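Please look through the structure shown below, and then follow the paragraphs after it, which go from one part to the next.

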Amino acid sequence: MAEGIKDRVAIIGMGCTRFGERWDKSPDELMVEAFTEAIEDAGIEKEDIGAAWSGTCYEETNIGKSAIALSVALKLPFIAATRVENWCATGSEALRGACYAVAAGAYDICLALGVEKLKDTGYGGLPQNEVQWGTVRRLIDSNQTAPGLFAMLATRYFSRYDIAPDEGKRMLAMISAKSHRNGALNPKAHLRREVTVEQIINAPIIAWPLGLFDCCGVSDGAAAAIVTRAEMAKSFRSDPVYVKALQISASSGQEMLYDDDWTHVETTVHAARRAYQEAGIKNPREEISMAEVHDCFSITEAVTMEDLEFSPRGKVKEDIEAGFFELTGGLPVQPDGGLKSFGHPVGASGLRMAYEMYKQLQGKADTRQIKDPKYGLTHNLGGVPSVNVASIIIVGL
Amino acid sequence: MVGITSCGAYIPLLRISRKSISSATGWLGPATGLPGEKAVANYDEDSLTMAVAAAIDCLNGFDREKIDDLCLATTTSPYRERQGAVIIATALDLRPDIRTADFSNSIKSGTTALLSAFDAIKAGSAKSVMVCASDSRQGKAGSSQEQSCGDGAAALLIGDGEAIATLEGHYSLSYDFVDYWRAEGDRFDRSWEDRWIRDIGYSKFIPEAISGLLNKYNLDIKDFAKVVYPCLYPREHAAIGKKLGAEPSQIQEQLFTTVGDTGTAYSLMMLVGALEESKTGDKILVVSYGNGCDALFLQVTEGIQKARDSRGISKHLTSKKDLDSYEKYASFRDLLAIDTGRRGEEVGATQLSTLWRERRMVLGLCGSKCKRCGTPQYPRQVVCANPGCGAVGEMEVYRFSDKKGHLFTYTGDNLAPSPNPPSIYGVVVFEGGGRYNFDLTDCELDSLEVGMPVEMSFRRKYRDAVRGIHGYFWKATPGRA
């Protein structure tokens, strides 16, 4: 019987670049920046690393295929290096590879590094969708983008729960306003300006009903983690952060082809349930201290709160309005600003989320510090609402 | 009985008033101001998509498995080499062991295709032939053709079964009369002087063809309930009838002020309109025009009473939306280069071996139906998506193009590059099962709501100018009334 990896792996060092429009920085420079912070934080040398996982999603506009770009940029000394890609869960997937390798006892120390250079496409938003899903899908898929596909969650959510469009837009705006407030406190965030609910509601529509501020930033950036076997962790630092759960769930096709209700994301539900079981969490709303979830769009955060069992089905609006997810609320969500405000260099995002949880657990989150957090949860959603891969990582002291 | 067993038509939803065209391009030359409006193919429509729509209207419950031949008449095929008829046959999901042919290079080829179909039935080489005629001809900005040409299609099913009208006779004229022409590589027609076309073309050939037919079968013009013929010049249209001794009530309205000259489809669309108004025993005379004429003598049978309820001409005529902007019209017809941004430049290559393998799925909108649990699914699957089933390799082909559905959720996307933003798409859930996310067309974002009924329409999904590919697929539309 599999036991999971609870408390078998510790994070002993992390690094994260400032996210944003890094026109002047190459992917190599971003990788070196995140990596240097991580190994200095861990107090190790690169020669101590046994194997590396490189996370990049859009290799065409980034560093190309394989992990060679990583090993060459960092001049890693002929160690094992693997590139992983799982849409927006890519960074979490890289961390998963590194964690499983040390949990298996194959290595003492591993590196996970995610990098994405999204601002070299020549247009706003993520790279054009139609060439990303293979040669058959491009013949049959609608003329779609990520905002539109997630907007369809909002259309259906509003319809199912009988929420008038202006009321729904207001609910979503409160989500983005909160994340901008948190991001404004974060020197590494991409979008550091507070915006009001009214500004958000009145912003230009990107894909009805989502407006500009319902969409996350598209950014350049890199983030890295150094992991080791739990029993070795204290030899590196007194406050290592332990991995409590690490779960991924990929669509079965059932949602898109058979029965998706487009008001929730089924993979998140599966990954979360398994993660809670792995971590021994019975009541996530009470036990999880804080979360960084995949708020690629405001509506994604809304339904994720329900999928993670933070809010009851159809009731997230009440929690949003009560300020439950604010930095000062019962369960702060996106304390670092989230994808919304911190930005979303796809391959780096999962590791950026882990970076915030790590810093919060160590009490190093400055003005954003949450009081005595015990468990931090990160969530990525790669793909589109009905076809995707969801990751959940739970970390704690 | 050899005859027409079913008929259908298609007129695109969009219309533009000729006044709008004049006010945009009138400065270019002497006023060509023509009356009324014309039908305009949407940005995602062309001769092939309109032909498919007309064919679907014509099929209207007929068993498509029984079709032996399919012909397309058009002068505006998107391909020089790649048959239009076979694309239509694939879209209609017809049997592969059929004969297909394109009739082209003259706007009279619609009736020529029809006569060939009658010949095939008479000769016993086919039992059922689908004849499609469709055109979307374009004039240069400021030309009279820009105003006169409209877009539309007709489809007729010819067979020896129960006919709604039988073919009693025909008479053809063929003249190398060069009134309009388009040479290899030309995008637009060139033309000779209007007065010559009017006086020596229409005004001579149509009476000559009609007289030829009347003499051949010893008939009088008064024997016909409807006389159907085109004439680009509205005043002359009436004069031709008068000269032949026909009463105005006998002359079929030529759709010029509502649709425009639809080329190969023109006379056949008028014929479909005439059949809609006809009764048992009516004789109909149909004449086409273009490098001569074909004249056909048809007799309406009792079958007309049972003729199924297609959208035909009359319903398509009343279901319309005014395209109030000439600039939009010009961009839809590719007369005006529009900016779709850097994002719009990223057209993925069409792997033709992939398209071949998936032709029924892509062009025919066929998915799978699980033989074990009966669940329809799109796109086609090997393993059943029903989690309670999961059967492997027990799928049969299941066609979605003729299934109705409802809109489960939707959006209007301003980020996606579109010739007509926002890009509207949504999840369609089909009656009987199956669902997918499709583009929506012929609609406005504001008119949509969750749960509304939709139907599927064959459209041009993309044009890959670099590689010379017109990509076709199906979109959802709110049904035409």
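Strand 2 (residues 14–17) of chain B pairs with strand 3 of chain B in the antiparallel sense over four bridges, where helices (H or I, at least four residues) and strands (E, at least two) are DSSP runs numbered from the N terminus, and two strands pair if DSSP finds at least two bridges between them. This is a predicted model, in which local features need pLDDT of at least 70 and side-chain atom pairs count only at pLDDT 80 or more, while totals for chains, interfaces and linings use all residues. Residues are numbered from 1 along each chain as its sequence is written, and chains are lettered from A and ligands numbered from 1 in the order in which they are written.

Within this pair of strands, Ser17(B) stands opposite Glu37(B) in strand 3 of chain B. The two strands belong to an open sheet of three strands in chain B, with the order 3-2-14 and mixed pairing. Strand 3 (37–40) and strand 14 (321–322) of chain B are at the edges and have a single partner strand each, so one side of each is left without a neighbour in the sheet. Helix 1 (residues 18–25) of chain B lies across strand 2 and strand 3 of chain B, and runs at about 55° to strand 2 of chain B; axes are lines fitted to C-alpha atoms, for helices over the stretch in contact, and angles run from 0 to 180 degrees between N-to-C directions.

Another open sheet of three strands in chain B has the order 16-15-17, with antiparallel pairing. Its edge strands, strand 16 (376–377) and strand 17 (395–399) of chain B, each pair on one side only. Strand 15 (residues 366–370) of chain B is joined to strand 17 of chain B by five bridges, and Lys369(B) stands opposite Glu396(B) in strand 17 of chain B.

Is Pro230(B) buried or exposed? Pro230(B) is buried, because 26 other C-beta atoms lie within 10 Å, and a residue counts as buried if 20 or more do so, as exposed if 12 or fewer do, and as partly exposed in between, with C-beta atoms placed from the backbone. Leaving aside residues up to four places away in sequence, Pro230(B) touches Gln254(B), Asp261(B), Tyr266(B), Ser267(B) and Tyr289(B), where two residues are in contact if their C-beta atoms, placed from the backbone, lie within 7 Å.

Finally, the two chains meet: 39 residues of chain B are in contact with 31 residues of chain A. Strand 18 of chain B gives the most to the side of chain B that touches chain A, with six residues.
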